[in-house]
Amino acid sequence: MVNAFSYACSACGKCCNSPPAMSLPELFRHRDLFIGCIAIGRVPRKRLHEKLRVGEHEAILDDTDIVAFEAIADTLLYRAGDTFSITAQGYDYPSLARCPALEDDGRCAIHFNGKPVTCEVVPLDPLVPDALQHLVLAGRNQSAIYLGADCIQEGKRGDTTLLVAEGRIEDANARDALARRRASLAAEREVWGKAVFESLRKDLFDSPAALSRIPAGGFLTISIVPALLAVAGLSARCRELCLDYIDNQLGLIDRCIAQALLRRRLDDRPVTQELRGFASAYQRAKAILAVPVSADEHSNEPTHVSAVETYLSGTGR
Ligand code: SF4
Ligand code: SF4
């Protein structure tokens with residue numbers, strides 16, 4: 001079996017069926033377009049000699065594969081028995097079955113204006129070692145989302161870009177996008193992810209009953225407020241950026257709920273409830289952030305504070 005796949009995106013928009021995972025700066029930049037949340041996903045640990053199989057493609061994990069998975073877990077994930085991802089994410093009504101940035105002609109409205117790096121990585125997966133990306137592509141090729149799009153082809157095709165072959169990412173743009181998304185996930189982990197993980201440790205990560213709500217490959221979505229609170233206390237500038245974000249999000253949530261009420265769909269109701277929960281969490285965060293923190297309470301290293309301010313304003317990318 002030749003583990004080679006080629007790729008050519010025709011911008012049909014089929015895979016833009018929900019808001020993407022994003023970094024906090026990306027959510028800040030597009031604060032009027034995407035409702036932000038935190039997605040907590042279970043990423044089962046891989047075992048030596050475990051067999052991964054997608055259709056006719058198969059891999060039996062060796063030492064090198066396990067080292068690569070462990071390196072990803074150490075830098076991008078969080079360990080609590082199993083491993084978990086904690087990422088910022090856009091949130092919308094699943095009944096709409098589309099990303100809010102998707103235009104009616106199938107194009108991305110922010111393609112030239114801050115398209116999330118996650119979307120540049122498509123159809124690869126930053127949480128899978130490069131040597132096993134062919135399994136990711138084989139899986140996507142069989143999934144309903146990509147059915148009929150014909151953007152992923154097995155083998156080398158003359159009119160498409162050779163994306164992966166024999167355990168290597170062959171396309172330089174794809175390599176660059178993967179590196180940028182992994183760097184972004186690592187930065188998110190340092191800026192707010194570790195703090196959120198610790199804040200949820202008692203009620204979620206140390207509670208088998210609570211953790212059982214997240215199945216393998218599944219996600220739990222929560223308000224993004226814990227991430228905002230993790231950064232807002234660093235400086236007056238960080239607090240200002242978070243408050244501005246919250247105000248914009250409250251307006252966006254109101255508009256999204258108003259449109260949902262006009263649609264009158266039963267399956268929208270739980271989502272509306274969740275969005276009202278997000279709005280309440282934002283209001284509580286506003287009350288917390290309304291109390292200015294005195295200068296001497298900002299005890300963090302100035303270079304760290306400055307780096308986070310630059311990170312959140314998106315001017316350091
Ligand atoms: S389904 Fe394939 S062709 Fe369509 S937008 Fe997504 S990657 Fe591009
Ligand atoms: S941001 Fe653009 S590319 Fe990404 S899912 Fe939305 S429409 Fe598609």
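Tyr245 is buried in this predicted model. Its relative accessibility is 0%, and buried means under 20%. Phe28 counts as buried too, because its relative accessibility is 4%.

**Aromatic pairs**

Six aromatic pairs occur in the structure. Phe28 and Tyr245 make up a stacked one. Their ring centres are 4.7 Å apart, and 25 degrees separate the planes. This pair ties together distant parts of the chain. Phe28 belongs to helix α1 (residues 24-29), while Tyr245 belongs to helix α9. The two residues are 217 residues apart.

Tyr91 and Phe278 form another pair. Is this pair stacked or edge-to-face? The planes meet at 65 degrees, so the pair is edge-to-face. The cut-off for that label is over 60 degrees. The ring centres lie 5.1 Å apart. Here, too, distant parts of the chain are linked. Tyr91 is in strand β6 (residues 82-91), and Phe278 is in helix α10 (residues 269-289). They stand 187 residues apart. Both Tyr91 and Phe278 are buried.

Ring pairs also join Tyr78, Phe84, Phe197 and Phe205 into a cluster.

**Nonpolar cores**

How many residues does the largest nonpolar core have? It has 59 residues. Ile40, Trp192, Phe205 and Ile224 have the most contacts inside this core. Helix α9 (residues 236-263) gives the most to it, with eleven residues.

Now look at Phe205. Leave aside its neighbours within four places in sequence. Phe205 is then in contact with Ile40, Ala80, Phe84, Ile86, Phe197, Leu200 and Leu211. Two of these partners, Phe84 and Phe197, also belong to the ring cluster with Phe205.

**Charges over rings**

In two places, listed here, the charged end of a side chain sits over an aromatic ring.

| Charged residue | Ring | Distance to ring centre |
|---|---|---|
| Lys46 | Phe69 | 5.1 Å |
| Arg263 | Tyr93 | 4.9 Å |

**Cysteines**

A disulfide is a covalent bond between the sulfur atoms of two cysteines. How many disulfides does the structure hold? It holds zero. Is Cys9 buried or exposed? Cys9 counts as exposed, because its relative accessibility is 56% and the cut-off is over 50%. Cys119 has a relative accessible area of 25%, so it is partly exposed.

Definitions and conventions
Residues are numbered from 1 along each chain as its sequence is written. Chains are lettered from A and ligands numbered from 1 in the order in which they are written. This is a predicted model: local features need pLDDT of at least 70, side-chain atom pairs count only at pLDDT 80 or more; totals for chains, interfaces and linings use all residues. Side-chain values use heavy atoms; hydrogens and water are left out. A nonpolar core is a set of buried Ala, Val, Leu, Ile, Met, Phe, Trp, Tyr and Cys residues joined through side-chain atoms within 4.5 Å. Buried means under 20% relative accessible area, exposed over 50%, partly exposed in between (1.4 Å probe, protein chains only). Helices (H or I, at least four residues) and strands (E, at least two) are DSSP runs, numbered from the N terminus. Contact means heavy atoms within 4.5 Å. Rings of Phe, Tyr and Trp (its six-membered ring) pair if their centres lie within 6.5 Å; planes under 30 degrees apart count as stacked, over 60 as edge-to-face and the rest as tilted. A charge sits over a ring if NZ of Lys or CZ of Arg is within 6 Å of the ring centre and within 35 degrees of the ring normal. A disulfide is a pair of cysteine sulfur atoms within 2.5 Å.
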